[in-house]
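Subject: Structure handover and notes

Dear colleague,

I am passing on the structure we spoke about, with the sequence alongside. Please have both open while you read the notes that follow.

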Amino acid sequence: MSESSKPPLLYLVHRIPFPPNKGDKIRSYNVLRELNKHYSVHLVCFLDGPHDQQYIPALEKECASLYVETQHKLTCLIKSAKGLVNGRPLSVPYYSSTRMQKQVDTLINLYHIEHAVVFSSTMGQFLNKHPEVKTLIDFVDVDSDKWRQYAEKGNPLKRWVYRREHQTLEREEQRLCERAAFATFVSPQEADLFKRLMPDPLKDKIGYLYNGVDTDYFDPHAADITPLTEQVDVCFTGAMDYWANVDAVLWFADNVWPTVRKHLPTASFYIVGGNPTEKVSALNGKQGIKVTGRVADVRPYALAAKVNVAPLQIARGIQNKVLEAMALAKPVVATSLAIEGIQASNAAVIIKDHANEYAQAVIQQIQQPTDAQVSREWILDNLRWDNALKALPALISGSETVCD
């Protein structure tokens with residue numbers, strides 16, 4: 001189909017979907033690639049940090065038009081406080097923007113746009129004025145339930161704020177689902193959870209589209225992977241300013257790693273990911289722990305490690321870090337929450353929730369790593385991106401009403 005013959009589509013994303021180097025960006029970018037096969041895509045998104053400014057020219061080549069708006073975190077936090085006054089979730093006014101609303105209005109009117117895809121609940125507000133636009137919303141995860149999990153930790157004030165966000169965001173998710181033609185999640189487990197939270201009339205338009213893996217990029221034999229010269233025994237990859245990842249790493253460092261080091265005094269643990277918080281950075285140099293910060297390529301670290309870990313204590317949806325390690329044919333020790341939504345079961349995917357059992361599993365993998373080629377084969381058979389999103393165009397057009 002030539003570009004001129006493709007119907008226009010509006011794609012709203014809360015964070016610039018390039019480069020695909022962390023959870024939400026990996027999915028939003030691959031959704032964009034799938035949409036490009038069938039639509040002339042007009043992409044509207046936020047830039048949440050100056051580092052990603054350099055990627056705008058590359059992203060412009062991926063769509064018919066691109067509008068990127070820079071966010072200033074202090075301004076966003078001030079806007080977010082409006083939610084306390086009007087009963088809305090704090091995350092919705094955080095992403096509000098008069099300029100972005102004007103851009104959305106202009107695109108819809110100029111190109112007579114009839115279809116839109118909304119990535120994450122915070123972007124649905126920009127279509128409030130356009131009920132005529134048929135919308136698919138990709139919630140990805142049940143974010144309101146993530147806030148419920150957060151509310152179980154922290155001081156009383158934090159628990160109150162998180163509990164309020166859980167309750168208000170759940171109402172916002174229902175409103176968006178009522179407005180949308182279809183709502184998707186990253187796994188059948190997430191979709192089933194959302195169905196349990198929603199009234200019966202909405203349940204028929206709730207489904208899922210799995211995440212996938214770029215199996216050519218995450219190939220243990222890829223020619224462009226630069227081998228590491230340093231010893232990496234255990235590796236964790238992920239954005240280190242994301243609370244669930246921070247919580248996981250701190251839990252592992254406090255409750256698991258001392259036992260590992262007691263048995264293996266020279267073992268090393270690499271924490272690989274951008275923007276590490278102060279608490280994560282403080283781990284650097286202690287008991288064989290290395291905090292790398294942002295790296296150009298996570299593959300050398302994940303591949304060099306004897307075992308990759310995903311010790312998440314708070315989680316929703318599918319963890320890309322687990323899928324990528326599996327695609328690289330590396331053994332993974334994960335908690336039950338980290339493996340939820342991934343229907344893989346083999347000797348190289350080890351599930352442990354108790355700290356001592358987790359430590360013993362890590363020790364065993366350091367001493368004698370399991371051959372994880374079976375994990376890569378499972379990814380190749382089940383979770384390639386070209387298969388994961390194949391139902392997306394039919395869901396947008398309304399010719400398909402379930403996700404298989």
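I begin with a pair of helices: the axes of helix H14 (residues 320-327) and helix H17 (residues 373-382) come within 7 Å of each other and cross at roughly 110°. Because angles of 65 to 115 degrees count as roughly perpendicular, H14 is described as roughly perpendicular to H17. On the H14 side the contact is made by Leu323, Met326 and Ala327, while H17 contributes Ser375, Arg376, Trp378 and Ile379. Sorted by class, this contact of H14 with H17 has five nonpolar residues, one polar and one charged. Please bear in mind throughout that this is a predicted model.

A second pair can be described in the same terms, since two packed helices are described by the angle between their axes and the distance between the axes. Helix H10 (residues 243-255) packs against helix H16 (residues 355-367) at an angle of about 85°, and their axes are 10 Å apart, which makes H10 roughly perpendicular to H16. Here Trp251, Phe252 and Asn255 of H10 meet Ala355, Tyr358 and Val362 of H16, and by class the contact of H10 with H16 has five nonpolar residues, one polar and no charged ones.

Turning to the surface, Leu84, Val85, Leu157 and Trp160 form a nonpolar patch that has about 470 Å² of accessible area together. Helix H4 (82-86) and helix H8 (156-179) each supply at least two residues of this patch, and leucine 157 has its place in H8.

Finally, there are two points about the backbone, for which the background is that most residues other than glycine have a negative phi, and most peptide bonds are trans. The peptide bond from phenylalanine 18 to proline 19 is cis, with omega near -5°, and proline 19 lies in the loop between strand S1 (8-13) and helix H1 (23-36). Serine 120, a residue other than glycine, has a positive phi, near 90°, and is placed in the loop between strand S4 (115-119) and strand S5 (134-140).

Note on methods. Residues are numbered from 1 along each chain as its sequence is written. This is a predicted model: local features need pLDDT of at least 70, side-chain atom pairs count only at pLDDT 80 or more; totals for chains, interfaces and linings use all residues. Side-chain values use heavy atoms; hydrogens and water are left out. Axes are lines fitted to C-alpha atoms, for helices over the stretch in contact, and angles run from 0 to 180 degrees between N-to-C directions. Helices (H or I, at least four residues) and strands (E, at least two) are DSSP runs, numbered from the N terminus. Angles under 35 degrees count as roughly parallel, over 145 as roughly antiparallel, 65 to 115 as roughly perpendicular and the rest as oblique. Contact means heavy atoms within 4.5 Å. Ala, Val, Leu, Ile, Met, Phe, Trp, Tyr, Cys and Pro count as nonpolar, Asp, Glu, Lys and Arg as charged, and the others, Gly among them, as polar. Patches are made of residues with over 30% relative accessible area and no salt bridge: like charges are joined within 9 Å, nonpolar side chains (Val, Leu, Ile, Met, Phe, Trp, Tyr) within 5 Å. Accessible areas come from the Shrake-Rupley method with a 1.4 Å probe; for residues, only the protein chains shown count as cover. A salt bridge is a side-chain nitrogen of Lys or Arg within 4 Å of a carboxyl oxygen of Asp or Glu.
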